[in-house]
Amino acid sequence: MNQYHRAHRQSINERDEFWAAEAARIHWETPFTDVVDASRPPFSQWFVGGRTNLCFNAVDRWAKKQPEHTALIWHSTEVERENRYSYAELLAEVQAVAAGLVELGVGRGDRVLIYMPMIPEAVFTMLACARIGAVHSVVFGGFAAVSLANRIDDARPDVIVSADAGSRAGKILPYKPLLDDAIARSQHPPRAVVMVDRQLAAFQKVAGRDHDYAALRARHLGAEVPVAWLESSEPSYILYTSGTTGKPKGVQRDTGGYAVALATSMDYVFQCKAGDTFFCTSDIGWVVGHSYIVYGPLLSGMATVLYEGTPVRPDGAILWKLVEQERVNVLFSSPTAIRVLKKQDPALLSRHDVSSLRALYLAGEPLDEPTATWISQGLGKPVIDNYWQTESGWPILSAQPGIEQTPLKFGSPSFPVIGFDVRVFNESTGEELPAGEKGVVAIVPPLPPGALSTLWGDDQRFVDTYFSSIPNQQVYSTFDWGLVDKDGYWFILGRTDDVINVAGHRLGTREIEESISSHSNIAECAVVGIADALKGQVAVAFAVLKNTTVIESEAQRSAHEAEIMRQVDQQLGAVARPARVYFVTALPKTRSGKVLRRVIQAVCEGRAPGDVTTMEDPAALAQIQAAVG
Ligand code: ATP
Ligand code: MG
C-alpha cells in the first residue's frame with residue numbers, strides 16, 4: 001500500500017504542490033494565483049484568482065477534441081425510449097437551452113431550479129446554467145409540493161425548469177400540479193417556468209409565466225452562447241442533503257475546486273479515462289447524480305448513461321442488460337439497489353455479458369459484508385464501497401485503484417481519499433482516537449477542493465452545524481460514527497445520532513444490522529435504539545425477509561426472531577441483542593434510499609416522527625406503526 005500512502009500523505013503535507021498539479025486537468029481561462037486561501041477558517045477558497053467554467057470543461061473542450069464521441073446515452077424503461085448525443089450534439093443542445101435562459105433574463109449568479117425526471121433535457125439545463133454562470137438547484141423530481149416550496153424559498157430561483165410528468169415503475173406522476181401547488185405556497189415565486197412536454201400528462205399553462213421548452217429550443221438551436229468565465233469560488237450549484245437526520249441543508253458548491261476534484265477522482269478513484277463509459281444509477285436530484293452522472297464523466301470526456309427506470313423492471317437483469325448493451329466500464333449504484341436485487345432470482349446476475357465492466361462502485365448507505373460478497377461473487381467483479389456526503393461532493397473514503405490496487409475488505413470503504421485529512425475523535429472529550437477505537441469521523445480543514453463552500457445564504461449555520469460539535473477541535477464533523485482497524489481500513493458504523501447506548505456500551509446501528517443481515521433469510525434490516533428504564537437504551541430491529549421466505553404462523557415468527565437474536569448473541573454478544581425483531585416487508589426510507597432510523601425510533605418511542613418530507617413510502621412507516629402497536 002506504499003503508493004497509496006505516499007500519494008495521500010503528499011496530498012495533505014504538500015497540499016499546494018499536489019493540487020496545483022491536479023488543477024492542470026482542467027482548462028483555466030485565467031490561471032489562479034494561489035492554490036488555496038485558508039486564512040479565514042473554517043472557510044477555504046480553492047484556486048484563488050483562477051477563472052474557469054464547468055460547462056466549457058465538460059462539453060466544449062471535448063466537442064472540439066472528439067466531437068463525434070458519445071457524451072450522453074439515455075435509456076428509459078419507463079417510456080421505452082433511448083437517445084444518444086455526441087459531444088457536438090450535446091454542445092448544441094446546451095447552447096440552445098442557455099440561449100433560452102438568457103432570453104428569459106437569467107444571468108450570472110441567478111438561480112434556476114430544476115425539477116425534472118431523468119431525461120436528457122435535465123442534463124442540458126444543468127450544463128446550460130453552468131455555461132452562463134447561473135446557479136442551478138436540482139430538486140428530486142416528484143418531491144411533494146411542501147418540500148419543493150421549501151427549496152424554492154431557500155434558493156429563490158428566477159426560473160424553474162420542469163416537465164409534465166415523471167414515471168416510476170410504470171406509474172405516471174404528473175409534476176405540474178405539484179409544481180403549481182409549490183409555487184402557490186412559496187414566498188418567492190419564480191418569474192418564469194419552462195416546461196418540457198413529454199406528452200405523459202396534460203397540464204395547464206399559466207399565461208405570461210409558463211414557457212414551452214421545445215419552442216424555446218427551436219428558437220435558439222444553432223445559437224452560440226458565450227461561456228461565463230467564473231472566478232473559481234463562484235457558486236456552481238445549490239443541492240439539499242437527503243434529510244435523513246432532519247431538515248435538509250442547502251449545500252453550496254464552488255466551480256474551480258469542484259471541476260478539479262471530480263477530474264481527479266475520475267482518475268484515482270474510478271480509474272477512468274476519455275472514451276470510457278460510465279453508468280451511475282443515482283438520480284440527478286442527488287449529489288451522486290450531480291457528480292457522477294453529469295459532471296464527472298463529462299469533465300473527463302467519457303460517455304455517461306442516464307437511466308430512467310428501476311433496477312427491477314422489466315426484470316432484475318435490466319442493469320446488466322444495459323451494461324452489456326452499452327459496454328459499460330464502471331457501474332455506480334447504491335447498497336439499497338443491490339439489496340433490492342438480492343430479493344430476486346440470482347440467475348439474473350449471469351444472464352448478460354458484463355465483461356466490459358471493471359468494477360461496481362456503491363455508496364449512500366453502509367454496505368454490509370453479506371451484500372458486498374453476494375454481488376461481487378455473482379458478477380465476478382470487484383465491489384468498491386465508497387463513503388461520502390452531499391457536503392463532500394466526491395468520495396471521502398474509498399479504494400483508489402487509479403493510484404494503487406489495494407486489497408478490498410468487504411464491510412470497509414478502504415481508506416481516506418487523497419485530499420481528505422480524515423480522523424476519528426471522541427465526541428465528548430474531543431480527543432483524537434487511535435486505531436480500534438470508535439468515535440466520530442471528522443475532516444481536518446481546509447476541506448479539499450470539491451467540498452461545500454458554505455450553506456447557501458447562511459455562513460453561520462455552516463460554521464455552527466459542521467465545525468462546532470467536537471469539543472476543543474475546529475474540525476468538520478461528518479456526524480458518522482466509525483473506526484479504523486489495525487490494518488488502516490476504515491469502517492462507518494452508523495450516524496452519531498443513531499448510536500445505541502446499552503448499559504454503557506456504545507454500539508453503532510450498523511454493527512447490529514450487519515450481524516442480522518448475515519442471516520441467510522434476511523434481505524435488509526434497520527436497528528434503532530429505544531429508551532429503556534433499566535438499560536438506558538435497548539436495540540430493536542426491523543427486518544425484511546427475502547422474497548422466498550413467508551411467515552405463516554406466530555410459531556414461525558418467534559422461531560425466526562429467536563434465531564436472529566441467537567446470531568447477534570454469537571457475533572456481538574448479548575449487549576447487542578435486539579429486545580425485539582419485527583418482520584416487515586419494507587423499511588421507511590428517504591427518496592434517495594436511506595433508512596429513516598430517526599423516524600422509526602420516534603415511532604417506537606411513541607413520539608411524532610418529525611420531518612418526513614423526504615420520505616419515499618408512507619406505507620412502510622405505517623407497517624412499523626402497526627408492528628409496534
Ligand atoms: P441529512 O444530512 O439531511 O440528514 P443525509 O446525511 O442522508 O441527510 P446525504 O448527504 O445524501 O444526506 O448522505 C450522506 C450520508 O450517507 C453519510 O453521512 C453517511 O451517513 C451515509 N453514507 C454514504 N455513503 C456511505 C457508505 N459508503 N457507508 C456508510 N454510510 C454512507
Ligand atoms: Mg448528512
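Two strands pair if DSSP finds at least two bridges between them. Helices (H or I, at least four residues) and strands (E, at least two) are DSSP runs, numbered from the N terminus. With these terms in hand, let's go through the close-ups. This is a predicted model, in which local features need pLDDT of at least 70 and side-chain atom pairs count only at pLDDT 80 or more, while totals for chains, interfaces and linings use all residues. Residues are numbered from 1 along each chain as its sequence is written, chains are lettered from A and ligands numbered from 1 in the order in which they are written, and side-chain values use heavy atoms, with hydrogens and water left out.

**View 1. Strands S30 and S31 form an antiparallel pair.** Ten bridges link S30 (residues 522-532) to S31 (residues 536-545). One bridge to find is that between Ile522 and its partner in S31, Leu545. Three residues make up the hairpin that joins S30 to S31. Of the eleven residues of S30, nine are buried (under 20% relative accessible area, with exposed over 50% and partly exposed in between; 1.4 Å probe, protein chains only).

**View 2. Eight strands make an open sheet with mixed pairing.** Strands of a sheet pair through backbone hydrogen bonds, either parallel or antiparallel. Follow the order here: S12-S11-S8-S6-S7-S14-S15-S25. S12 (210-212) and S25 (454-455) stand at the edges with a single partner strand each, so one side of each has no neighbour in the sheet. Within the sheet, S14 (residues 237-240) and S15 (residues 250-253) run antiparallel, with four bridges between them. Leu239 has Val251 in S15 as its bridge partner.

**View 3. Ligand 1 sits among 20 surrounding residues.** A residue counts here if one of its heavy atoms lies within 4 Å of the ligand. Gly243, Thr244, Thr245, Thr390 and Asp480 are the closest. By class, the shell holds four nonpolar residues (Ala, Val, Leu, Ile, Met, Phe, Trp, Tyr, Cys and Pro), seven charged ones (Asp, Glu, Lys and Arg) and nine polar ones (the others, Gly among them). Which atoms lie 2.4 Å apart? They are a polar side-chain atom of Thr245 and an oxygen atom of ligand 1. Gln389 also has a polar side-chain atom 2.9 Å from an oxygen atom of the ligand, and a polar backbone atom of Gly364 is 3.0 Å from a ligand nitrogen atom. Taken alone, ligand 1 exposes 630 Å², and the protein buries 95% of that (Shrake-Rupley method, 1.4 Å probe).

View 4. Pro42 belongs to the loop between strands S1 (34-37) and S2 (45-48). Look for Pro314 in the loop between strand S17 (303-308) and helix H11 (318-326).

**View 5. Ala169 and Ser414 have positive phi values without being glycines.** For Ala169, phi is near 50 degrees, and the residue is found in the loop between strands S9 (165-168) and S10 (171-174). Ser414 has a phi of about 60 degrees and lies in the loop between strands S21 (397-398) and S22 (415-416). Is Ser414 buried or exposed? Ser414 counts as buried because its relative accessibility is 1%, whereas Ala169, at 44%, counts as partly exposed.

Note on methods: Polar contact = N/O pair within 3.5 Å; in protein donor to acceptor, adjacent residues only side chain to side chain.
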